[in-house]
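Please work through the following exercises with the model at hand. Each task is followed by a solution in steps.

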Amino acid sequence: MSHLYDSSPRVKKQTKKTQPNPLNLLRVPVPCHPASRRTILCFAELGLRYLPVGAVQISGHPTGLDPGHRTVPVKKRVKRFSLIQEINMEELNSANSEFCFKFYKEIAKSKKHENIFFSPLSIMSAMGMVYRGASGNTATQMGEVFLFNKVGKMVSYGESTPDTTCPGMEQQALKTHYQVPFPKRAHLDEDVDTLNILPAFKALNAVINKPSSSYTLETASNMYVEKTYPVKKGYVNDIKKYYEVQPESVNLAGDTENTRKKINGWVEDKTKNKIKNLVPEGALDQSTVMVLVNAIYFKGDWADKFSVQHTEEREFKMSKTSKKPVQMMFKRAKFNIAQVEEPGLAFKVLELPYVNKDLSMIILLPNEILDDSTGLEKLEREMTNENVSKWTNSDNMENTTVELFLPKFKMEESYDLKKTLSTMGMTDAFSQGSADFSGMSAKLDLYLSNVFFKAFVEVNEEGTEAAAATAAVVTMRTAPISVSFEANHPFLFLIRHNKTGSILFWGRFCSP
């Protein structure tokens, strides 16, 4: 069996789908608001026990219609803005994936032979809070690094029915030829709209945090503010509304150490004690006025568990010349699998679902080690949102019997993100002289002093616990009775929320 990516056209009957016309949706215009002290941003990730922790700031709220507007016909009653939210979620997922690969490539430059594990969604979520408080060039740089400038182009900040936005509109909208005011929003060209991403984050978090009896997946945010520092009410209100956070007033200036312990205690609780001491000693001082934290935790059992009796010691090849013994799990069962073959690149992709198949771990394994490093360098160079989406699409895989060998592993990774994010283009936020967080406070003395990040993941026979994509076509060829997938050398892996397509965690395992 193999799936071959090539340039030939794919012969497949396509089902015609009617695409929604966004102009038939009611839009609520929202005017943009224009956009020292230290702000600390923290992330903690735990995966298969995975928890990310981060912080973000937001301000602003919608007002009335722009005096200048055009109109579009409405032929049926609009109850909710669910379609707009879905479109915004898709844009956010795309931005999350693009940031994931950009960030991974930057981290990998200094960690050529090391394991890597992080949650792009946790980092994005926390930085979304910071982005809402940014203005001017600071906001522009953040929008480019995190792709926030690609999210929420069709945005609705309202979540109620039309009649709560404009009296009588719901009744008038029932009329076949009624014209709904449509804002020009010319002001978006004058400043960065940092509110655009918040409805998407709220909608995505609502889906991810939906209770399930088959796995645990939770995201949480928190904000700690120096009790004597004046933070804009609009910013605080937006944090409450979109992140469901109740900002906590603390004595950062007078009792720094106890405040640090309190923050770390919250992180430990949200990550089931997997992430400890996220904020290190000496990280906070009397100039710190705000600490923003985001955490994500996941624990799930495999849909088809490995048998402990089949786990045995085997060799894991870290490179062409070095090996280490690992506890290798084994399972013979049906899995989605594909063989990707492109010029100079050949690897297998396997989907390992969790119970109920709401989430999956997807493994990308090169056929062999071809370079003098981990054997992943060629694959890593080709990593884009388009390529990875294509490679990991379940529709491009064949469900067949696989003899799967997968090592048990546990990773705990921590990163100082200040240097990485600065190298990626986010420089002003960390500069006392250039940072513009006027959306947070009128005092104009805020800057981002650091971003702390930790992640943990454990994979075993039971499942996973974590805290913290030239279009090629897949064609099918003859498949043998069973396929061998032996992860005995470095591989990439991700944990995906299948309903939304969100990459929750991304990692590289190359050193047991």
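This is a predicted model: local features need pLDDT of at least 70, side-chain atom pairs count only at pLDDT 80 or more; totals for chains, interfaces and linings use all residues.

Residues are numbered from 1 along each chain as its sequence is written, and side-chain values use heavy atoms, without hydrogens and water.

**Exercise 1.** Determine the surroundings of glutamine 141.

*Solution.* Glutamine 141 is located in helix α3 (residues 136–145); helices are DSSP runs of H or I with at least four residues, numbered from the N terminus. Its relative accessible area is 11%, and buried means under 20% (1.4 Å probe, protein chains only), so glutamine 141 is buried. Beyond its neighbours within four places in sequence, glutamine 141 is in contact (heavy atoms within 4.5 Å) with Gly425, Met426, Thr427 and Asp428. Its side chain reaches the backbone nitrogen of aspartate 428 at 2.9 Å.

**Exercise 2.** Describe the nonpolar cores.

*Solution.* A nonpolar core is a set of buried Ala, Val, Leu, Ile, Met, Phe, Trp, Tyr and Cys residues joined through side-chain atoms within 4.5 Å. The largest has 122 residues, and Phe146 and Trp506 have the most contacts inside it. Helix α1 (residues 82–109) supplies the largest share of this core, ten residues. A second, separate core of 17 residues includes Trp266 and Val291.

Terms used
Helices (H or I, at least four residues) and strands (E, at least two) are DSSP runs, numbered from the N terminus. Buried means under 20% relative accessible area, exposed over 50%, partly exposed in between (1.4 Å probe, protein chains only). A polar contact is a pair of N or O atoms within 3.5 Å; within protein, one must be able to donate a hydrogen and the other to accept it, and residues adjacent in sequence count only if both atoms are side-chain atoms.
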